[in-house]
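Look over the chain shown here before reading on. The report starts with the sheet and its helices, then turns to single residues.

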Amino acid sequence: MKIGIVTGIPGVGKTTVLSKVSEILKENKVRFKIMNYGDYMLNSALQGQYVSNRDEMRKLPLSTQRELQLIAAKKIVEESITLGEEGIAFVDTHAIIKTPSGYLPGLPRHIVEILSPRVIFLLESDPQNIINRQSKDRERIRSDYNDINVISETMDFARYAAVASAVLVGASVKVVNNREGDPSIAAKEIISSMS
């Protein structure tokens with residue numbers, strides 16, 4: 001089983017691109033699973049009554065966030081194993097999380113070593129496109145990512161964090177541009193890098 005981690009800041013279009021990845025892999029009858037790291041963390045956070053919604057997780061104490069990261073990583077690997085040797089697991093997450101205490105690596109050593117990805121993808125887009133996408137998403141509260149300078153800074157930190165994580169497990173890092181209007185281009189680039 002191969003694991004690819006698809007990262008990007010909120011609003012970059014990870015969910016949309018991974019939906020296209022799913023369509024393409026289904027058409028080609030490839031065994032795969034797409035897992036949202038935040039969903040696994042959120043389920044544990046809700047069970048522990050730490051939060052009432054996903055966006056509150058970024059504001060939890062770092063020790064609690066680290067604990068939730070660890071639980072999520074272990075569950076993701078357990079589920080990935082069921083895909084068998086030829087299967088591909090994609091993990092939708094963030095290389096970096098902006099918190100009140102500063103930037104928190106989304107793939108610190110204890111997590112990336114458990115996941116052991118083949119590739120860490122950095123999905124990027126023009127900062128103004130990200131702001132436009134965020135303004136259309138009424139389901140999320142992302143007021144801490146609504147400034148072009150903050151988005152640019154966060155993308156820079158995400159690159160640094162992805163490379164640092166990749167070094168620990170010998171993974172490659174691939175920057176993929178999510179062009180406005182055609183997420184299938186980014187999806188095909190991600191799939192071809194996992195072959």
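In this report, contact means heavy atoms within 4.5 Å. Angles run from 0 to 180 degrees between N-to-C directions. The model is a predicted one.

**Helices on the sheet**

Helix α6 covers residues 148–169 and lies across β6 and β7. It runs at about 175° to β6. Helix α7, residues 183–193, lies across β1, β3, β6 and β7. Its direction is at about 165° to β7.

**The sheet itself**

In what order do the strands of the open sheet stand? The order is β2-β3-β1-β6-β7. The sheet has five strands, and the pairing is parallel. Two strands, β2 (32–36) and β7 (172–177), stand at the edges. Each has a single partner strand, so one side of each is left without a neighbour in the sheet. On average, neighbouring strands are turned by 20° against each other, direction ignored.

Now take one pair. Strand β1 spans residues 2–7, and strand β6 spans residues 119–124. Four bridges join these two parallel strands. Within β6, L122 stands opposite T7.

**Helix α3**

Helix α3 runs from residue 62 to residue 81 and has 20 residues. From its first C-alpha to its last it reaches 29 Å. That is close to the 28 Å expected at 1.5 Å a residue.

Which residues of α3 are buried? They are T64, Q65, L68, Q69, A72, A73, I76, V77 and S80. An α-helix has 3.6 residues a turn, so residues three or four places apart point the same way.

Buried means under 20% relative accessible area.

| Residue | Location | Relative accessible area |
|---|---|---|
| V12 | loop between β1 and α1 | 1% |
| Q65 | helix α3 | 3% |
| S165 | helix α6 | 4% |
| K14 | helix α1 | 8% |

The UniProt record, an unreviewed entry, places a "binding site" feature at G8, I9, P10, G11, V12, G13, K14, T15 and T16. So where do these two residues sit, and what do they touch?

V12 is found in the loop between β1 and α1. Leaving aside neighbours within four places in sequence, V12 is in contact with L123, E124, S125, I130, R133 and N178.

K14 lies in helix α1. Not counting residues up to four places away in sequence, K14 touches V6, T7, G8, I9, D92, T93, H94 and L123. A polar atom of the K14 side chain lies 3.1 Å from the backbone oxygen of G8. G8 is also among the positions of the UniProt feature.

Next comes Q65, in helix α3. What does Q65 touch, not counting residues up to four places away in sequence? Its partners are M41, M57, R58, K59, L60, T99 and L104.

With residues up to four places away in sequence not counted, S165 touches L107, V112 and I120. How does its side chain meet L107? The S165 side chain reaches the backbone oxygen of L107 at 2.6 Å.

Key: Residues are numbered from 1 along each chain as its sequence is written. This is a predicted model: local features need pLDDT of at least 70, side-chain atom pairs count only at pLDDT 80 or more; totals for chains, interfaces and linings use all residues. Side-chain values use heavy atoms; hydrogens and water are left out. Two strands pair if DSSP finds at least two bridges between them. The expected span of a helix is 1.5 Å times one less than its number of residues. Buried means under 20% relative accessible area, exposed over 50%, partly exposed in between (1.4 Å probe, protein chains only). UniProt positions are given in the numbering used here, feature names are shortened, and annotations may be inferred rather than shown by experiment. A polar contact is a pair of N or O atoms within 3.5 Å; within protein, one must be able to donate a hydrogen and the other to accept it, and residues adjacent in sequence count only if both atoms are side-chain atoms.
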